[in-house]
Amino acid sequence: MNSLLFSNITRFVTLVLVQILICNQLNFMGNINPYIYILFLLLYPIGSNRMGFLFIAFSLGLIIDLFLDSGGANAAASLSIAYIRPIFLKFSFGAAYDYQSVKLNTAEALPRLTYFALMIFIHHFILFTLIYFDSSKFKMIIYNTLVNSGFTLILVLLLNTLFSSKKS
């Protein structure tokens, strides 16, 4: 339990620092920024306290909002994907999720990719909808959602592969 708590705290702090110090400074082609902090939400232990997880997700998004000056959009998007996470875990992993036997780092590649891609897309769609908050900018919302989701997905998969422990 203590090692799990320590690894979650370390992951939280590391991802926040990398997001703030590196990713927020990147600006590929004018508007492409990775949001890798959501890797914390994607990898958070499945059988943990749900209310605690929702609080942590909101806090994580709020910290990012404070540094991006984005008015709560990251907090809302993070809280939203934390709330709907069980639906997408069940969709991606099926019976393994029902029996609480999903280990994200050792799961098969396709279900893990499906889970990551759906969660990142939904997070980014909510985020950009709240940032632009204008129905006349729908094309811009979709464009930013797709481009930033793809870039974030590549980085999340890369980071997850690099830093996951291969315990079988």
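Tutor: The expected span of a helix is 1.5 Å times one less than its number of residues. Helices are DSSP runs of H or I with at least four residues, strands are runs of E with at least two, and both are numbered from the N terminus.

Tutor: This is a predicted model, in which local features need pLDDT of at least 70, side-chain atom pairs count only at pLDDT 80 or more, and totals for chains, interfaces and linings use all residues. Residues are numbered from 1 along each chain as its sequence is written, and side-chain values use heavy atoms, with hydrogens and water left out.

Student: What makes up the secondary structure of the chain?

Tutor: There are 7 helices and 0 strands; from the N terminus on, the elements run α-α-α-α-α-α-α.

Student: How do you know what span is expected of helix α6, and what does α6 reach?

Tutor: Helix α6 covers residues 109–132, which is 24 residues. At 1.5 Å a residue, 34 Å is expected, and the helix reaches 34 Å from its first C-alpha to its last, close to that expectation. After α6 comes Phe-133, whose phi is positive, near 45°.

Student: Why is Gln-19 called buried?

Tutor: A residue is buried under 20% relative accessible area, exposed over 50%, and partly exposed in between (1.4 Å probe, protein chains only). Gln-19 has a relative accessible area of 0%, so it is buried. This residue is found in helix α1.

Student: Which residues does Gln-19 touch, leaving out those up to four places away in sequence?

Tutor: Contact means heavy atoms within 4.5 Å. Gln-19 touches Asn-24, Pro-34, Tyr-35, Ile-36, Tyr-37 and Ile-64.

Student: How do you know whether Asn-8 is buried or exposed?

Tutor: Asn-8 has a relative accessible area of 10%, so it counts as buried. It also lies in helix α1, residues 2–21. Apart from neighbours within four places in sequence, Asn-8 is in contact with Phe-40, Tyr-44 and Pro-45.

Student: What covers the buried residues of α6?

Tutor: The cover includes α2 (38–43), α4 (73–93) and α7 (138–163). Among the residues of α6 that are buried are Tyr-115, Phe-116, Met-119 and Phe-128.

Student: How many aromatic pairs does a search of the whole structure find?

Tutor: It finds 8 aromatic pairs. Rings of Phe, Tyr and Trp (its six-membered ring) pair if their centres lie within 6.5 Å; planes under 30 degrees apart count as stacked, over 60 as edge-to-face and the rest as tilted.

Student: What makes Phe-12 and Phe-40 an edge-to-face pair?

Tutor: Their centres are 5.2 Å apart, and the angle between the planes is 85°, which meets the edge-to-face criterion. Phe-12 lies in helix α1 and Phe-40 in helix α2, so the pair ties together parts that are 28 residues apart in sequence. Phe-12 is buried at 18% relative accessible area, and Phe-40 is buried at 3%.

Student: Why is the pair of Phe-128 and Tyr-132 called stacked?

Tutor: The ring centres of Phe-128 and Tyr-132 are 6.4 Å apart and the planes stand at 25°, so the pair is stacked. Both residues lie in helix α6, 4 residues apart, about one turn of the helix. Phe-128 is buried at 5% relative accessible area, whereas Tyr-132, at 23%, counts as partly exposed.

Student: How do you know that the charged end of Arg-85 sits over the ring of Phe-53?

Tutor: A charge sits over a ring if NZ of Lys or CZ of Arg is within 6 Å of the ring centre and within 35 degrees of the ring normal. The charged end of Arg-85 is 4.9 Å from the centre of the Phe-53 ring and counts as sitting over it. Ring pairs link Phe-53 with Phe-12, Phe-40 and Tyr-44 into a cluster.
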